[in-house]
Amino acid sequence: MRKFIGAIIVFALVFTVSSNLYAEDQPAAAAPAAAPTAPAAPAAEAAPAAAPAAPAVTGSAALSVLNHYIFRGYELSSHSAVFQPTLTINYAGFSANLWSNIDTSEHATQNFAPVTTSRGHNNYDETDLTLNYTYNIDKLALTGGFIYYGTQYAPETEEVYVSGTYDMIAHPTLAIYRDVNHYPGTYFNLSFSQSIPVYKETTVDLGASFGYEAGSSNFWDTYVANKGFVGSHYSAFHDGMGKVGYTIPVTKLFSVQPVVQYWFPLSSDASKTVTDKSGVHGFNPDGQLKDIFVYGVNLTFSF
């Protein structure tokens, strides 16, 4: 809980600094125009308005190279580099995203068992598909979607989700995910992000997120010493994350972003272990969360 409070304080400071920088960056309001001294002459007959342009197809292709694969605080790789290619297509509010993880040298963690029987093998171990639609109401963007998790190291599953983002300083976003297949439960995530111009087109990119996991099936039974996974369903403030990136536009379409992330458990239940005669077990059936630094680089080509 102290880490959670500390993270909130840090983010509040970042929010204040970025708010001031954002305000300084905005142009001053224009002075009101003077009233005309005489009625304007009638304008010539206006030409017919042009038909609105058809929505354009946009998208991006990206590649992240990182020292860890972390998902909602769970450590899904260790002692290796991971490559994460992404392809996104957008059209008229609809979006499709294909994301993959390639582990160059699989090693077991407290949350992850390699697909291969011996450690150190590279493996293309996950491909996810996300489909969604976003509807804008003034400054509020509402999104609903579906995610298919094509995991080799665990049973495949699906989620539906909704999220809302308000266009203001820090762009607060609340997202709610519901697993509808193998791991029935609900995950809530509150996140913030802000890019601050530094020099010409380069920006410092700040972000933070806080998650709450609420299991609702027997899969989420917690561990009880000497009895096994027979406790109540796991529900807890789960994972926290803070990140800093530095985006460098190489061309109008291609950018490079070195990035550092810090992941940590938000509560004692998220990091709890239970010890008995058979050894140490995570209170959470997916294993405990711990403090992890992630660093690497994101390469993005937009079109």
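1. Let's start with Ser-209, which you'll find in strand E11 (residues 202-215) of this predicted model. Ser-209 counts as buried because its relative accessibility is 7%, and the cut-off for buried is under 20%. Setting aside neighbours within four places in sequence, Ser-209 is in contact with Asn-189, Leu-190, Ser-191, Asp-239, Gly-240 and Met-241.

2. Next up is Asn-298, in strand E18 (residues 292-302). Asn-298 is buried too, at 18% relative accessibility. Two polar contacts deserve a look: the Asn-298 side chain meets the side chain of Ser-64 at 2.6 Å, and that of Gln-257 at 2.7 Å. Residues touching Asn-298, beyond four places away in sequence, also include Leu-63 and Val-259.

3. Now for the charged pairs. How many salt bridges does a search of the whole structure find? The search turns up three. One of them joins Glu-159 and Arg-72, with the closest N and O atoms 2.9 Å apart. Glu-159 sits in strand E8 and Arg-72 in the loop between strands E2 and E3, so this pair ties together parts 87 residues apart in sequence. Glu-159 is buried, at 5% relative accessible area, and so is Arg-72, at 11%.

4. Glu-75 and Lys-290 make another salt bridge (3.4 Å, N to O).

5. Finally, check Asp-269 and Lys-272, whose side chains meet in a salt bridge at 3.0 Å, N to O. Asp-269 is partly exposed at 25%, and Lys-272 is partly exposed at 30%.

Technical notes: Residues are numbered from 1 along each chain as its sequence is written. This is a predicted model: local features need pLDDT of at least 70, side-chain atom pairs count only at pLDDT 80 or more; totals for chains, interfaces and linings use all residues. Side-chain values use heavy atoms; hydrogens and water are left out. Helices (H or I, at least four residues) and strands (E, at least two) are DSSP runs, numbered from the N terminus. Buried means under 20% relative accessible area, exposed over 50%, partly exposed in between (1.4 Å probe, protein chains only). Contact means heavy atoms within 4.5 Å. A polar contact is a pair of N or O atoms within 3.5 Å; within protein, one must be able to donate a hydrogen and the other to accept it, and residues adjacent in sequence count only if both atoms are side-chain atoms. A salt bridge is a side-chain nitrogen of Lys or Arg within 4 Å of a carboxyl oxygen of Asp or Glu.
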